[in-house]
Amino acid sequence: MYEAAAPAAEVSAQTVLWSQFVLARALTRVLARARLRGGDAEGADISFCYADTHGGCGRLPRPAPFLEALWQRRAGFSSQEYFAALEAADQADHPGSWVLAGRILRAVGGDGAAIELDVNDIDPGQVEQARSNREGGWVRLWTHDWFLFLRSRLAMAAPLDFVFIDPPGDDPRGPAYAIDAAILLETRKVPYMVTYCLAASQDSIDQIGRSGLELVLPDGGCGAVLGGGAEVALLDLLPDLRQLAGLLGGRFAVRLPRNDDYSI
């Protein structure tokens with residue numbers, strides 16, 4: 001996750017909540033769209049494969065105090081998927097992105113859903129801890145450079161239905177690989193979400209050609225891009241993100257590509 005110059009713990013809590021709220025809604029909309037395209041009836045058994053390029057161990061420190069404020073105001077949000085995936089706001093820790101995704105997919109898909117999670121992290125220690133945090137479905141754990149992981153996973157016969165790309169702020173390659181990955185997934189028509197830092201983000205948005213959903217904080221912030229089909233969640237998210245940004249001590253902004261001939 002790209003972090004700004006604000007205190008690390010505070011920015012981390014705000015960034016986690018922002019990205020996971022967007023992820024939860026995007027996953028739900030992608031699944032609903034896949035059902036319509038395939039002609040599946042509501043409640044029918046489904047199969048869905050989710051990939052997480054920087055999955056970590058699946059558990060995070062509780063993002064206090066922002067989670068408590070968000071939990072108290074949850075009834076005012078139209079998108080409830082994120083809240084439904086949490087046990088409560090007072091838990092000692094918080095689900096990581098792939099654990100949250102698994103909960104959402106199982107809740108939407110029901111007991112008959114065939115859920116596959118491909119979870120990658122370059123730190124073997126994180127992957128080892130992840131083994132004890134699996135909650136259901138088929139979880140494949142990878143330990144690769146994240147772009148190599150993505151290329152390897154795309155080469156497998158089983159198709160991907162959603163990819164979450166959450167590159168670390170200290171990646172010496174900067175945003176270049178995330179841009180390449182987004183363009184690759186657009187070409188393959190694979191729904192995805194990419195996070196980014198606000199510093200020097202305009203070039204990334206211009207090259208991907210998608211709008212950025214940004215949490216602007218006094219000392220930095222973060223953003224998310226949805227594409228490959230996941231952008232169907234944008235209209236659902238806009239009112240909620242304005243409210244969410246205020247609860248996180250910032251404001252919501254949409255960053256548009258400057259090359260509007262191909263932007264979405």
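Helix α6 spans residues 146-154 of this predicted model, and its buried residues are Trp 146, Phe 147, Phe 149, Leu 150, Arg 153 and Leu 154. Buried denotes under 20% relative accessible area, exposed over 50%, and partly exposed the range in between, with a 1.4 Å probe and protein chains only. Helices (H or I, at least four residues) and strands (E, at least two) are DSSP runs numbered from the N terminus. Contact here means heavy atoms within 4.5 Å. At the start of α6, the backbone nitrogen of Phe 147 has a side-chain oxygen of Asp 145 within 3.1 Å.

Because the model is predicted, local features require pLDDT of at least 70 and side-chain atom pairs count only at pLDDT 80 or more, whereas totals for chains, interfaces and linings use all residues. Residues are numbered from 1 along each chain as its sequence is written, and side-chain values use heavy atoms, with hydrogens and water left out.

The chain contains nine helices and ten strands, and 53% of its 264 residues count as buried. Of the contacts between residues at least 6 apart in sequence, 72% join residues at least 24 apart.

Strand β1 has five of its six residues buried, so it is largely enclosed by the rest of the structure. It pairs with β4 in the parallel sense over six bridges, and Ser 47 is positioned opposite Ala 114 of β4. Strand β1 is also parallel to β6, with three bridges; in this pair Asp 52 stands opposite Phe 164. Strands β4 and β5 form a parallel pair over five bridges, in which Asp 118 has Arg 140 of β5 as its bridge partner.

The loop between β4 and α5 holds Asp 121, which counts as buried at 14% relative accessibility. A polar atom of the Asp 121 side chain lies 3.0 Å from the backbone nitrogen of Gly 56. Such a polar contact is a pair of N or O atoms within 3.5 Å; within protein, one must be able to donate a hydrogen and the other to accept it, and residues adjacent in sequence count only if both atoms are side-chain atoms. Neighbours within four places in sequence aside, Asp 121 has contacts that include His 54, Gly 55, Gln 126, Trp 142 and His 144.

The largest nonpolar core comprises 54 residues, and those with the most contacts inside it are Trp 18, Phe 48, Tyr 50, Tyr 82, Phe 162, Leu 226 and Leu 241. Helix α1 (residues 8-38) supplies the largest share of this core, eleven residues. A separate second core of 26 residues includes Leu 154, Leu 185, Val 194 and Tyr 196. A nonpolar core is a set of buried Ala, Val, Leu, Ile, Met, Phe, Trp, Tyr and Cys residues joined through side-chain atoms within 4.5 Å. Beyond four places in sequence, Leu 241 is in contact with Trp 18, Phe 21, Val 22, Leu 213 and Phe 252.

His 94 belongs to strand β3 (residues 93-95) and is buried, at 1% relative accessible area. Its side chain makes a polar contact of 2.7 Å with that of Tyr 82. Among the residues that His 94 touches, those up to four places away in sequence not counted, are Val 16, Gln 20, Leu 60, Pro 63 and Leu 86.

In the loop between β2 (59-61) and α2 (66-72), the peptide bond from Ala 64 to Pro 65 is cis, with omega near -5°. Ala 64 is partly exposed, at 36% relative accessibility, and its C-alpha is 9.9 Å from that of Asp 93, 29 residues apart in sequence. Lys 189, in the loop between α7 and β7 (192-197), has a positive phi near 60° although the residue is other than glycine. Lys 189 is exposed, with a relative accessible area of 66%.

Methods. Two strands pair if DSSP finds at least two bridges between them.
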